[in-house]
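Here is my notebook from an afternoon of looking things up, one entry at a time. Come along and check each entry against the picture.

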Amino acid sequence: MTFLCILRFILISALLFTSVSGHCRKPRVRREWRSISTTKRASWINAVKCLAELPHDPKVTATVDPALSLIPSLTPDSSYFDDFVYAHMDLNVLIHGTGFFLPWHRLYVQTFEVELRSKCGYTGVQPYWDWTQDAADFYHSTIFSNSTCDGLGSWGDPDNDFQISTGGFKDTRVAYPVPHNIRRNYILQPFLNAPGVSPDNSLLMINTTFTKANVDFTLNSFTGDYINFQAYLQGVPGPHPGPHIILGGDMSGLCPFGLQPPACYHGTKWSSNDPMFYLHHTMVDKIWYDWQHRNSSNKNAFGGGSISAQVDPSQESEYPTGAPPFLNLSSVIPGDGLWEGVTIGDVMDTMGGKLCYIYA
């Protein structure tokens, strides 16, 4: 293809997807995993595995004080898929429990999708996982298909550190916190006999937090109140943590067998080791998207601070979405080199700024 042909293709593609006002003309339509064809599911799985076979990008670097992040050092001989995991690890204290939570994860998933297309030839659209369909009988959910072509795999082997051995990702290796295969272990009552937890909460079945009823409550509440919307969504009993917790293993940030502090600190850090993370957080983004479209006062609502309770626990009750300094639409979203110069305002509208997609 000649240079002029390539240039013409780029210009036409840009016109197809973006208008001169910055709003996209032809948004990509994100659909639930089980509503797309087996061919498209296989294509997404193969593209994710492709990222795991590409080398580390030197542009991806640590920007947070390791003493705050409590993570292992960046591994330069890791994969590009691991780079995404590392950014989530490194920026952990900046993007959880702060105003960055929803904008950051929206941009993170969008960047992941763009890289699937640009680096691995993916031609589909990022799917989401509607876990409300699975809440009643999560362990036996159809989402955990064992098919090596288009399946996400099932539960890990308890005799082998809960590493999964079925599905398209059964042989996928990840680098953090140490090299291992993806791990999942079913945890229905995560707070059972936990110190400092009330007797009522210790019996909590975590699948009750991500039912359709709870999602509907989240969507129909907090009109115009972004801070309390995010505060409920991001923590128990809101719907976001439950799928992380019930999947256990990497998705809940559990340490691989035998790895204890200081080499490994349990937390949310390497939850994106499991590709289920990207399907899960696309669903979380859909909840934000649906809330934004539920009422006109929600669309551009935003608030939250930059200091997480992970850094200053004394502020959590007063500032559940981050203590001052407060963030605003001009605040730049940290990316550790996965992206640069993107603001919160750039990702508030999925059909404007840096984005061009809707949900079905």
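**Entry: a pair in one helix.** I began with Lys286 and Asp290, which are four residues apart in helix 11 and therefore separated by about one helical turn. Helices here are DSSP runs (H or I, at least four residues), strands are E runs of at least two, and both are numbered from the N terminus. The side chains of Lys286 and Asp290 meet in a salt bridge, 2.8 Å from N to O. I noted the rule for a salt bridge: a side-chain nitrogen of Lys or Arg within 4 Å of a carboxyl oxygen of Asp or Glu. Lys286 is buried, and Asp290 is buried as well. For burial I used relative accessible area: buried is under 20%, exposed is over 50%, and partly exposed is in between (1.4 Å probe, protein chains only).

**Entry: ground rules.** This is a predicted model, where local features need pLDDT of at least 70 and side-chain atom pairs count only at pLDDT 80 or more, while totals for chains, interfaces and linings use all residues. Residues are numbered from 1 along each chain as its sequence is written, and side-chain values use heavy atoms, with hydrogens and water left out.

**Entry: other salt bridges.** How many salt bridges are there by this rule? I found a count of 16. In one of them, Arg30 pairs with Glu113, with the closest N and O atoms 3.1 Å apart. This pair links distant parts of the chain, as Arg30 is in strand 1 and Glu113 is in helix 6, 83 residues apart. Arg30 counts as buried at 1% relative accessibility, and Glu113 counts as buried, also at 1%.

I then looked up Arg34, whose side chain meets that of Glu32 in a salt bridge (2.9 Å, N to O). Arg34 is partly exposed, with a relative accessible area of 24%, whereas Glu32 is buried at 6%.

**Entry: charges over rings.** A charge sits over a ring if NZ of Lys or CZ of Arg is within 6 Å of the ring centre and within 35 degrees of the ring normal. The charged end of Arg106 sits over the ring of Trp288, 3.8 Å from its centre.

Entry: I found Lys269 in the loop between helix 10 (241-247) and helix 11 (276-294). Leaving aside neighbours within four places in sequence, Lys269 is in contact (heavy atoms within 4.5 Å) with residues including Ser69, Val85, His88 and Asn92.

**Entry: a histidine in helix 6.** His105 has its place in helix 6 and counts as buried at 4% relative accessibility. With neighbours within four places in sequence set aside, its contacts include His88, His96, Phe277 and His281.

**Entry: aromatic pairs.** I describe a pair of aromatic rings by the distance of the centres and the angle of the planes. Rings of Phe, Tyr and Trp (its six-membered ring) pair if their centres lie within 6.5 Å; planes under 30 degrees apart are stacked, over 60 edge-to-face, and the rest tilted. The structure holds 35 aromatic pairs. In one, the rings of Trp33 and Trp44 have centres 5.5 Å apart and planes at 75°, so this pair is edge-to-face. Trp33 is buried at 3% relative accessible area, and Trp44 is buried at 0%. Ring pairs also link a cluster whose members include Tyr80, Phe84, Trp104 and Trp339.

**Entry: disulfides.** I counted two disulfides, each a pair of cysteine sulfur atoms within 2.5 Å. Cys50 is joined to Cys120, S to S 2.1 Å. Cys50 lies in helix 2 and Cys120 in helix 6 (residues 101-120), so the pair ties together parts that are 70 residues apart in sequence. Both Cys50 and Cys120 are buried. A disulfide also joins Cys255 to Cys264, S to S 2.0 Å, and this link is left-handed, with -100° about the S-S bond.
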